[in-house]
Amino acid sequence: MNPRYVAFGSASRRCLANPSMKPAELTALLDRLIAAGENEVVEFKEAGDNFSTSDIGKYFSALANEANLRSTDAGWLVFGVSDARVVVGTDYRIDAERLHSLKKQISDGAGASFREIHELKHPGGRVLLLEIPPAPRGIPIGWNGHCFARAGEHLVALSDVKRDEIRKQGIADDWTAAVVPQATSDHLDPAAIVRARHGFAERYSARVPPADIAAWDDATFLAKAQLTRDGGVTRAALLLLGKDSSSQLLSPHPAQLTWKLVGQEHGYEHFRLPFLLNATAVYRRIRNIQLRLLPPGELIYREISKYDERSVLEALYNCIAHQDYRQNSRIIVTEFPDRVEFISVGEFYDGQPDDYVRGELTPRKYRNPFLVEAMTQLNLIDHMGYGIHRMITDQVRRFLPLPDYDLSRAGEVSLTIPGAVIDEAYSQLLMLRTDLEFDDILALDRVQKSLSLPAATTRRLRRAGLIEGRKPHIHVAASVAGASGAKAEYIRTRRQTDDHYAKLVTDYLTEYGSADRRDLETLLLAVLSDALSDQQKRNKVSNLLGKLRRGGVIRNAGSRQKPRWELG
């Protein structure tokens, strides 16, 4: 493994847009919101348990767009407060797991989700404060294809004026948003336009009949796909849809995707406009043979493609979307015998690759927001940071090493997708152990690449029997894939979330009314990870009870010396 590659997944690192607030902080925030009243970025709802998810999605879109326009850090949808600004409480999704699932439902319809859902036990009743991040600069947030805004306290459709205001953000700094005066629709490739219509129809299949899209003339379609500005053909439109002969309109930019073959055989080919079609042409140039992997204890090989088409195109589209075109450089795709490397110029623009591993962080800004929005409209990419997570899960699904980002070369980003097994034990483990946690897969990938791990992670994997050897020669345990004892040990040492343990406590108190410390230790110590020492387990119980008490979930009906816990 080339040491300059940096594998994903420092298991101890986790990027959260906004950590959970303490009850006192939430109470102070709620008081400020109530004092100010409803406005373009704050909405109060009493919200019963059957409150419409579709309506929540519309408010999410509206408040995100207004937060962007007003340069505020967040919009707030508050459940449990009446229009008269009185806390009345809400029974909306009292079950924690069901409440948490709202994030996924909103993400499915909006391409983004809540930064956090805060739950507050207020004297007036339960209050939910749904924290909504502002729409990214240059990109309005929609709900099921329709964008919303606010007119004072009222929910309305996003007006053309507001939409243009968002889309023009940073246009002066966005190379791809500039209109090319000499360009007309005659400079666009008809086959690329047909493919673009198909992608647009896929994205909006539930809302716009394909026959309607087919009936639009090219000018109407290009405007709706946000490839033109006031009828003018943009650089984004030329990059994606331009004829090969239109490349000179982007001079001095070379407007090229270059495929290069390195190894026992050598070769190269330059692909020019339109990128929409030629990204697929580059993928087809890569030799994508079938690999045969034999699971332990089986006689039948599993066949997988060397490279996953979705992952390769995801990587290419991301290069196109995030390239710094002012540097006048081509995008280079290098095929090695065991991997494919994608290089684009420009620093990683918002955060670090590790921040996007779990698909939980939404980018706040883009180098080329106009191009990103157009590619989103054509169903080529999402603009919410899920691409890295998808590429990782595709590699896991195919039992191969995870992608690597290299940011060590100034002014460029390199992504490598492996196309061969590095450590057979790792691949066999993925074949048989579908119970592995995501963090452990990330850590084991680092082990097979001889990269460092946090000490706590090393101890956990070792106790679970997943790794063996001594530093610096740690490796994936060769026998673990088929060892039932190791599987059981892994389950015993696997970490659960605090929500899991909190649910055990609340279920116990619901059933029996109250519990002392001994009762709760008996309940929890047996199920806490065996990777913890006895003292660490007791500390974990203390911390959990303290967290539940501060959140108002439970209360101490006894004394400090002899606590008696009840539901709050």
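**Salt bridges, buried elements and a charged patch**

A salt bridge joins the side chains of Arg 115 and Glu 131, with a nitrogen-to-oxygen distance of 3.2 Å. This pair connects distant parts of the chain: Arg 115 belongs to the loop between α3 (96-110) and β4 (116-122), whereas Glu 131 belongs to strand β5 (residues 125-132), and the two are 16 residues apart. Arg 115 and Glu 131 are both buried. The structure described here is a predicted model, and 35 salt bridges were found in it.

A second salt bridge is formed by Asp 218 and Arg 197, whose closest N and O atoms are 2.9 Å apart. Asp 218 is located in helix α7 (residues 218-224) and Arg 197 in helix α5, so this pair ties together parts that are 21 residues apart in sequence. Asp 218 counts as partly exposed because its relative accessibility is 33%. Arg 197, in contrast, counts as buried, with a relative accessibility of 14%.

In a further salt bridge, between Glu 412 and Arg 409, the closest N and O atoms lie 3.0 Å apart. Glu 412 has a relative accessible area of 19% and is therefore buried, since the term applies to values under 20%. Arg 409 has a relative accessible area of 30% and is partly exposed. Salt bridges also link Glu 40, Glu 66, Arg 70 and Lys 162 in a network.

Burial was also examined for a whole helix. Helix α13 (residues 424-432) is mostly covered, seven of its nine residues being buried. These buried residues are Ala 425, Tyr 426, Ser 427, Gln 428, Leu 429, Leu 430 and Met 431. Their cover includes the strands β13 (290-293), β14 (302-305) and β20 (475-476), together with the helices α12 (387-397) and α14 (438-448).

A buried residue also occurs in a loop. Ala 183 is found between α4 (160-167) and α5 (190-203), and its relative accessible area of 9% means that Ala 183 is buried. When residues up to four places away in sequence are not counted, Ala 183 touches Val 233, Leu 238 and Leu 249. Ala 183 and Ile 213 are 30 residues apart in sequence, and their C-alpha atoms are separated by 23 Å in space.

On the surface, Lys 22, Arg 549, Arg 550 and Arg 560 gather in a patch of positive charge. Lys 22 is classed as exposed because its relative accessible area is 57%.

Technical notes: Residues are numbered from 1 along each chain as its sequence is written. This is a predicted model: local features need pLDDT of at least 70, side-chain atom pairs count only at pLDDT 80 or more; totals for chains, interfaces and linings use all residues. Side-chain values use heavy atoms; hydrogens and water are left out. Patches are made of residues with over 30% relative accessible area and no salt bridge: like charges are joined within 9 Å, nonpolar side chains (Val, Leu, Ile, Met, Phe, Trp, Tyr) within 5 Å. Accessible areas come from the Shrake-Rupley method with a 1.4 Å probe; for residues, only the protein chains shown count as cover. A salt bridge is a side-chain nitrogen of Lys or Arg within 4 Å of a carboxyl oxygen of Asp or Glu. Lys and Arg count as positive and Asp and Glu as negative; His and the chain ends are not counted. The place of a charge is taken as NZ of Lys, CZ of Arg, CG of Asp or CD of Glu. Buried means under 20% relative accessible area, exposed over 50%, partly exposed in between (1.4 Å probe, protein chains only). Helices (H or I, at least four residues) and strands (E, at least two) are DSSP runs, numbered from the N terminus. Contact means heavy atoms within 4.5 Å.
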